[in-house]
Amino acid sequence: MGNIARVTCKTCGDQIVDTSALRGRVCEDNGHCEYRFTCPNCDSVTVRHSERRIIDLLESNGVCIDKWELPRSLPVAQITTDLTVIDVADLAPPPQTDTKLSEPVRYLKP
Ligand SMILES: [Zn+2]
């Protein structure tokens with residue numbers, strides 16, 4: 001048995017697991033960290049949000065950490081001509097006719 005860690009299963013409470021039963025996950029873009037483990041008692045998988053320092057500690061103890069990035073947006077089509085007044089008019093929303101929706105906007109104006 002290698003390093004051990006104490007984890008808390010929602011069903012069984014505190015459990016001692018080998019660190020090989022743990023796996024971490026870090027989003028490189030927003031820093032969200034979590035780890036998961038399979039409970040040795042009931043076999044259910046628990047995922048817990050974690051601080052980065054805990055993930056670093058787990059990694060230094062041999063826990064496999066998956067690092068991932070948010071999906072990048074698809075490339076935007078190139079606009080080859082300048083916008084005209086007609087293009088902008090096409091983009092403008094239709095005139096607001098629902099008074100219930102327009103009232104809060106009126107209140108916000110000085
Ligand atoms: Zn359990």
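Strand 3 (residues 22-27) and strand 4 (residues 33-38) run antiparallel and are joined by five bridges. Welcome to a predicted model, in which local features need pLDDT of at least 70, side-chain atom pairs count only at pLDDT 80 or more, and totals for chains, interfaces and linings use all residues. Residue numbers start from 1 along each chain, following the sequence as written. Strands (E, at least two residues) and helices (H or I, at least four) are DSSP runs numbered from the N terminus, and two strands pair if DSSP finds at least two bridges between them.

- Four strands make up an open sheet of mixed pairing, ordered 5-4-3-6.
- At its edges lie strand 5 (45-50) and strand 6 (64-68), each pairing on one side only.
- From one strand to the next, the twist averages 20°.
- Arg-25 has Glu-34, in strand 4, as its bridge partner.

**The helix on the sheet**

- Helix 1 (residues 52-60) packs on the sheet and touches strand 3, strand 4, strand 5 and strand 6; a contact means that C-beta atoms, placed from the backbone, lie within 7 Å.
- The direction of helix 1 makes about 135° with that of strand 3; axes are lines fitted to C-alpha atoms, for helices over the stretch in contact, with angles from 0 to 180 degrees between N-to-C directions.

**The hairpin**

- Strand 1 (residues 4-9) pairs with strand 2 in the antiparallel sense over six bridges, and a hairpin links the two through three residues.
- Look for Val-7, whose bridge partner in strand 2 is Gln-15.
- Strand 2 (residues 13-18) lies largely in the open because zero of its six residues are buried (20 or more other C-beta atoms within 10 Å of a residue's own, all placed from the backbone).

Methods
Contact = placed C-beta atoms within 7 Å. Buried ≥ 20, exposed ≤ 12 C-beta atoms within 10 Å, placed from the backbone.
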